[in-house]
Amino acid sequence: MPPSPPTLRSLAAVLGLSRTTVSDALRGSPRVDPATAARVHKAASDAGYRRNPLAGALMSELRRSRGTTFRGVLAAVDLNEPDSPVSARYHRELVLGAEARAAELGFKVEKFFANRGGLSVHRLDSILQSRGIHGVILLPSWDEPDLSKLDWSRYAGIYTDYIIERPALHSVCSDLYRSLMSVLQRLSELGYKRPGIFLIKHHDERLQHRWEAAFRVFLASHPSIENIPPLITEALTSAQFTTWFNRHKPDVVIGHNTDAIDWMEAAGAKIPATGFVCLNVLTKTRPCAGLDLLPRMLGGRAAELLIAQLHRNETGIPEWPVTATHPARWVDGPTVRRPLNAPDLIVE
């Protein structure tokens, strides 16, 4: 028979220490003499011992609740996102999805704010350790996120947006490239031949130009579609948009800001003969067609993948970070033409 895996009890017996001392040493408790802690860590490494974060979370939860039902805890960490009703709604949907899926799997979610306007990373690390939390869901960050100062040997993490480098973690996000390609194909089938797109420069860069790339590739691979240059700007204004719209005369406009519909109408456009598609229907201020990026589903998927890591005892920065992407869902609306023989659209 293969040898039994090392445990706290077997390590304690070999080292001639109490089980509590070995446990405290492996958790990094300051109560343990540094020389003793170093000896414990070496013995654990030599024996191939690996901590089970769920076991520690179980004891922590039972001590706090004095109950008998274990619910693991995941942290949803909101990073330095600028104050914005749109980002707040998107983050709220992510967390609601994570909470629902986590509850089905025996976990609950606690939300923390870090960096600008919130906890320092050092303080966050201390709180997560004291509460026995080993699973971290990072919400999207407007700027390049940096949580490299967390002691990731204790945590499994997942980022709910595109690539994170500090540290490089697994990610789950909407498949923006595939989604826009599908939108452009749909618009072509509806008879639109002059699509135009407007993007905020920093937003496009943060997403590694996926919106822009899909738009340019679709136009390059469909000679029947006229090539209108994208409007990429630091901050969209009515004057800037109107100048671009009047110069290039797109027959359908794609973008995040639904104020553009008003600007199009002010320039003489008749909706939906000239169409509009919103890239994220959470941003809309009036009924329109667009994409639902499914943040609640993404939050649930993030919780599911994170809990799977914890069950496999996978903490630390992964050697090969993986990004899981999911296509967005088309939402019909009164700002695009209806297919022939389609039923009348009911706008709620």
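1. Arginine 186 sits in helix α7, which covers residues 176-189; helices here are DSSP runs of H or I with at least four residues, numbered from the N terminus. Bear in mind that this is a predicted model, where local features need pLDDT of at least 70, side-chain atom pairs count only at pLDDT 80 or more, and totals for chains, interfaces and linings use all residues. Residues are numbered from 1 along each chain as its sequence is written, and side-chain values use heavy atoms, with hydrogens and water left out.

2. Arginine 186 has a relative accessible area of 36%, so it counts as partly exposed (buried is under 20%, exposed over 50%, partly exposed in between, with a 1.4 Å probe and protein chains only).

3. For cysteine 278, the nearest cysteine sulfur belongs to cysteine 288, 4.8 Å away. Cysteine 278 is buried at 0% relative accessibility, and cysteine 288 is buried at 2%.

4. Now the rings: I get 6 aromatic pairs (Phe, Tyr and six-membered Trp ring centres within 6.5 Å; planes under 30 degrees apart are stacked, over 60 edge-to-face, the rest tilted). Phenylalanine 241 and phenylalanine 245 are stacked, because their centres are 5.8 Å apart and their planes at 15°. Both belong to helix α10 (residues 238-248), 4 residues apart, about one turn of the helix.

Notes. Helix = DSSP H or I, 4+ residues; strand = E, 2+ residues; numbered from the N terminus. Disulfide = S-S within 2.5 Å.
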